Amino acid sequence: TMHLIAYNLVRALMLQAAERDHADPLRLSLAGTLAAVRQWAPALAAEQSAQARRRLLEQFWRCVARDAIPWRPNRLEPRARKRRPKNYQLLTRPRSQFKEIQHRNRYRRPLS
């Protein structure tokens, strides 16, 4: 639950930054926003005066809004397995006791 709350808070920050800078909120980088929060949090927490904190917040909003991901139209990410399963049996015993069983798909009986 805590991770979901943190995720929603970061997304809310991204939405605020997009509205302030008139940027597309769907193109803002989540990882970039997290990095900006980690970088700016100590400076914002340490600032005492309200006016200086407002100035830092404006810089923070601009930093988040300008970290947009590139526009990549028609990009597809198909799911596929890169490695195919091997036709070998599992090693279930120590190597000294293991005897290979001829696999039916790999080995064929010679025709007599």
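Guide: A helix here is a DSSP run of H or I with at least four residues, a strand is a run of E with at least two, and both are numbered from the N terminus. Please keep in mind that the model is predicted. Counted in this way, the secondary structure of the chain comprises three helices and zero strands, and along the sequence the pattern reads α-α-α.

Helix α2 covers residues 30-46 and helix α3 covers residues 50-65; the two pack at an angle of about 170 degrees, and their axes lie 10 Å apart. Angles over 145 degrees count as roughly antiparallel, which means that α2 is roughly antiparallel to α3. On the side of α2, the contact is made by T33, A36, V37, W40, A43, L44 and A45, while α3 contributes R53, L56, L57, Q59, F60, C63 and V64. Sorted by class, this contact of α2 with α3 contains eleven nonpolar, two polar and one charged residues.

The other partner to consider is helix α1, residues 2-21, which packs against α3 at an angle of about 95 degrees, with the axes 8 Å apart. Angles of 65 to 115 degrees count as roughly perpendicular, and α1 and α3 are therefore roughly perpendicular to each other. From α1, the residues in this contact are L13, M14, Q16, A17, R20 and D21; from α3, they are E58, F60, W61, R62, V64 and A65. By class, the contact of α1 with α3 has seven nonpolar, one polar and four charged residues.

F60 is named in the contact with α2 and also in the contact with α1. Leaving aside neighbours within four places in sequence, F60 touches L13, A36, V37 and W40.

F60 also belongs to the largest nonpolar core, whose nine residues are A17, A36, W40, L44, L56, F60, W61, V64 and A65. Helices α2 and α3 each supply at least two residues of this core, and α3 gives the most, with five residues. In soluble globular proteins, nonpolar side chains tend to be buried together.

Finally, the whole chain provides the setting for this part. Of the 112 residues of the chain, 15% count as buried. The chain exposes about 10600 Å², of which carbon and sulfur atoms supply 53%. Among contacts in the chain with a separation of 6 or more, 49% join residues 24 or more positions apart.

Definitions and conventions. Residues are numbered from 1 along each chain as its sequence is written. This is a predicted model: local features need pLDDT of at least 70, side-chain atom pairs count only at pLDDT 80 or more; totals for chains, interfaces and linings use all residues. Side-chain values use heavy atoms; hydrogens and water are left out. Axes are lines fitted to C-alpha atoms, for helices over the stretch in contact, and angles run from 0 to 180 degrees between N-to-C directions. Angles under 35 degrees count as roughly parallel, over 145 as roughly antiparallel, 65 to 115 as roughly perpendicular and the rest as oblique. Contact means heavy atoms within 4.5 Å. Ala, Val, Leu, Ile, Met, Phe, Trp, Tyr, Cys and Pro count as nonpolar, Asp, Glu, Lys and Arg as charged, and the others, Gly among them, as polar. A nonpolar core is a set of buried Ala, Val, Leu, Ile, Met, Phe, Trp, Tyr and Cys residues joined through side-chain atoms within 4.5 Å. Buried means under 20% relative accessible area, exposed over 50%, partly exposed in between (1.4 Å probe, protein chains only). Accessible areas come from the Shrake-Rupley method with a 1.4 Å probe; for residues, only the protein chains shown count as cover.
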